[in-house]
Structures are given as C-alpha cells and as structure tokens.
Amino acid sequence: MFSIPIRVYWEDTDAGGVVYHARYVAFLERARSDALRALGRGQQALQQAGLVFAVHSMRLEFLRPARLDDLLQVTAEVSRVGRASVVFAQRILRGEELLLTAEVKVAALRAADFRPCPVEESLYQELKSLQDGPKA
C-alpha cells in the first residue's frame with residue numbers, strides 16, 4: 001500500500017474549517033499519481049509512452065470530517081487490474097482514525113485520441129503483482 005502525508009490548509013476548508021468535500025478528490029488523485037510515480041510510471045512517462053489514465057468512476061464514503069491543520073495520510077492500493085483499467089482502494093486517515101474510504105476505477109486511454117486501450121504488458125504485470133500482494 002502506498003501512502004502520502006497531506007496537511008489541511010485554509011484553502012482546503014469551508015467557512016467552518018472543515019475540509020470541503022471536493023478537496024478529498026484532489027487528495028486521492030495526488031496519492032494515485034504519486035503511487036504510479038514511485039513505480040517509475042509518472043504522468044509524463046505514461047504520456048510519453050502514449051498512455052493516460054482517466055477516472056472512470058469513484059465511490060466515496062465520508063465517515064468523519066477532516067479539519068484545518070490536520071495531518072492526513074492518504075493511501076492508494078491496487079485492488080483490481082483489467083487489461084484496460086485499474087481499480088484503486090483508497091483511504092484517508094487522521095492518525096488511526098479512518099475519515100474516508102474510496103474505490104476509484106481508472107481507464108487506460110491512448111494519449112493521442114483518448115480512446116480506450118490495453119495497458120502495455122510490463123505495466124499490466126507490475127500492477128497485477130501489486131493486486132496479488134507480496135509473494136512468499
């Protein structure tokens with residue numbers, strides 16, 4: 001599982017000092033992007049290889065609010081891999097307290113025309129190995 005820290009700033013909150021719901025989506029995006037970057041598959045590298053990932057669908061469950069100055073951990077874990085899609089299980093935590101769960105499906109698209117395409121074999125195998133977890 002990949003995780004990044006995110007501090008909640010004033011710009012992330014509403015008038016009551018609570019994180020605005022749309023900001024959670026941005027936090028989740030950062031974690032997925034950084035997880036791919038950690039694999040050597042950052043957005044620029046993917047585009048140069050002719051591939052982009054676009055969000056197909058998301059399911060979010062807001063459990064508790066994050067607030068101004070909170071230090072959050074945002075996780076990204078590969079839960080399912082298809083030939084032209086990847087599903088990430090994501091969480092946002094404050095310490096041990098679970099604030100949000102998400103399931104995000106991204107579609108693989110050709111960078112040239114944004115049409116669906118299969119993920120190249122080496123990336124597919126790498127993501128598949130993350131889905132299956134570490135080998136004994």
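Which residue is the bridge partner of Ile-92 in β5? The partner is Leu-100. This is a predicted model: local features need pLDDT of at least 70, side-chain atom pairs count only at pLDDT 80 or more, and totals for chains, interfaces and linings use all residues. Residues are numbered from 1 along each chain as its sequence is written, and side-chain values use heavy atoms, with hydrogens and water left out.

**The sheet**

- Five strands form an open sheet in the order β1-β3-β4-β5-β2, with antiparallel pairing.
- β1 (2-7) and β2 (51-62) are the edge strands, and each pairs on one side only.
- From one strand to the next, the twist averages 25°. Here axes are lines fitted to C-alpha atoms, and angles run from 0 to 180 degrees between N-to-C directions.
- Strands of a sheet pair through backbone hydrogen bonds, either parallel or antiparallel.
- Two strands count as paired if DSSP finds at least two bridges between them. Strands (E, at least two residues) and helices (H or I, at least four) are DSSP runs, numbered from the N terminus.

**Strand β4 and its neighbours**

- β4 (residues 85-94) runs antiparallel to β5 (residues 97-110), and 10 bridges join them.
- Phe-88 stands opposite Val-104 in β5.
- β4 and β5 form a hairpin with 2 residues between them. Gly-95 in that turn has a positive phi of about 65°.
- β3 (residues 71-81) pairs with β4 over 8 bridges, again in the antiparallel sense.
- Glu-77 has Ala-89 in β4 as its bridge partner.
- β3 and β4 also form a hairpin, with 3 residues between them.
- β4 is largely enclosed by the rest of the structure, because 7 of its 10 residues are buried. Buried means under 20% relative accessible area, exposed over 50%, and partly exposed in between (1.4 Å probe, protein chains only).

**The largest pocket**

- The largest pocket holds about 200 Å³ of space. A pocket is an open set of points on a 1 Å grid over the protein atoms alone, with protein on both sides within 12 Å along at least five of seven lines. The volume is the space filled by probe spheres (1.4 Å) set on the points.
- Lining residues have an atom within 4 Å of a point. Among them are Met-1, Phe-2, Glu-77, Phe-88 and Leu-130.
- α1 (21-38), β3 and α3 (121-132) each supply at least two lining residues.
- The lining has 11 nonpolar residues, no polar and 1 charged. Ala, Val, Leu, Ile, Met, Phe, Trp, Tyr, Cys and Pro count as nonpolar, Asp, Glu, Lys and Arg as charged, and the others, Gly among them, as polar.
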